[in-house]
Amino acid sequence: MEQEGGAGSNSAGVLAEMFVPLAKEKRRNREQMNLELKKQFEYMSKFPLPLRMPKYAELTAHKRGFSLTFRDDTWDGTVLDAFCKISVTKSLLGHVSVTKQHAQSRGIRSIVDVGSSKPNGRGQIDTSRPRVIVASISAEGGQQGIMIGDVVSHINGSQFYGSASDLVQNISSRSDGELLTFAFNADAAVAEALRRRWLLSNPKKK
């Protein structure tokens, strides 16, 4: 019995010698992961991405209806617009309204101010101009990451200029089942915001 007890103690000791280093390594890995996540968070806080990032989608034209609806909107000509959350809501009476909420942070302010002649401004780079935004989405569009408020910038590889009705007419003229390609948010505000973000994060390359 004493021999059995001794063997059991030896086995426990061997197991402890095996698992203690593993536990330490696991803890080190967890600490390293937490440190990397902290660095990423700090970097993204200092150099935030636009709220509206460019995206690509393939959607099918149907005579029974399209997977998106659209609404006319106006770009104010600023870089700050790239950090704006655009919402489209419809009341019970059918009234559609567009609201815009600009995100605010020190990082966004730094990006907007890069190259601006007026610090603490909105980063004016152009005059106001019309544009078309997504007003509602069906399952097909949602599965491809399209969101309400996305700006329609290209269709079938060509830059889109026109109104919401022009876009609807364009889509309606397509053959039933025809595949259409769209680019969203590849607009001047987002492009300039990304350029200024790069300049800010790479000061030696300005």
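This is a predicted model: local features need pLDDT of at least 70, side-chain atom pairs count only at pLDDT 80 or more; totals for chains, interfaces and linings use all residues.
Residues are numbered from 1 along each chain as its sequence is written, and side-chain values use heavy atoms, with hydrogens and water left out.

Back to Asn-185. You will find it in the loop between β8 (179-184) and α5; helices (H or I, at least four residues) and strands (E, at least two) are DSSP runs, numbered from the N terminus.

Now, what does Asp-150 touch, leaving aside its neighbours within four places in sequence? Taking contact as heavy atoms within 4.5 Å, the list is Lys-55, Val-132, Ile-133, Val-134, Gly-145, Phe-184 and our friend Asn-185. Asp-150 belongs to the loop between α3 (139-143) and β6 (152-155), and it is buried, with a relative accessible area of 4%. Its side chain makes a polar contact with the side chain of Lys-55 at 3.0 Å. By polar contact I mean a pair of N or O atoms within 3.5 Å; within protein, one must be able to donate a hydrogen and the other to accept it, and residues adjacent in sequence count only if both atoms are side-chain atoms. A polar atom of the Asp-150 side chain also lies 2.8 Å from the backbone nitrogen of Met-147.

Not counting residues up to four places away in sequence, Ser-153 touches several residues, including Phe-184 and Asn-185.

Phe-184 brings us to the rings. Phe-66, Phe-70, Phe-182 and Phe-184 form one aromatic cluster. Rings of Phe, Tyr and Trp (its six-membered ring) pair if their centres lie within 6.5 Å, with planes under 30 degrees apart counted as stacked, over 60 as edge-to-face and the rest as tilted. By this rule the count comes to 4 aromatic pairs. Phe-182 and Phe-184 make a stacked one, 5.8 Å centre to centre with 10 degrees between the planes. Both are buried: Phe-182 at 1% relative accessibility and Phe-184 at 0%.

Last stop, the helices. How do α2 and α5 pack? Helix α2 (residues 106-113) meets helix α5 (residues 188-201) at an angle of about 100 degrees, with axes 8 Å apart. Axes here are lines fitted to C-alpha atoms, for helices over the stretch in contact, and angles run from 0 to 180 degrees between N-to-C directions. The two are therefore roughly perpendicular to each other; angles under 35 degrees count as roughly parallel, over 145 as roughly antiparallel, 65 to 115 as roughly perpendicular and the rest as oblique. From α2 come Ser-110, Ile-111 and Val-112, and from α5 Ala-193, Arg-196, Arg-197 and Leu-200. Within α2, Ile-111 and Val-112 are among the buried residues.

Methods: Buried means under 20% relative accessible area, exposed over 50%, partly exposed in between (1.4 Å probe, protein chains only).
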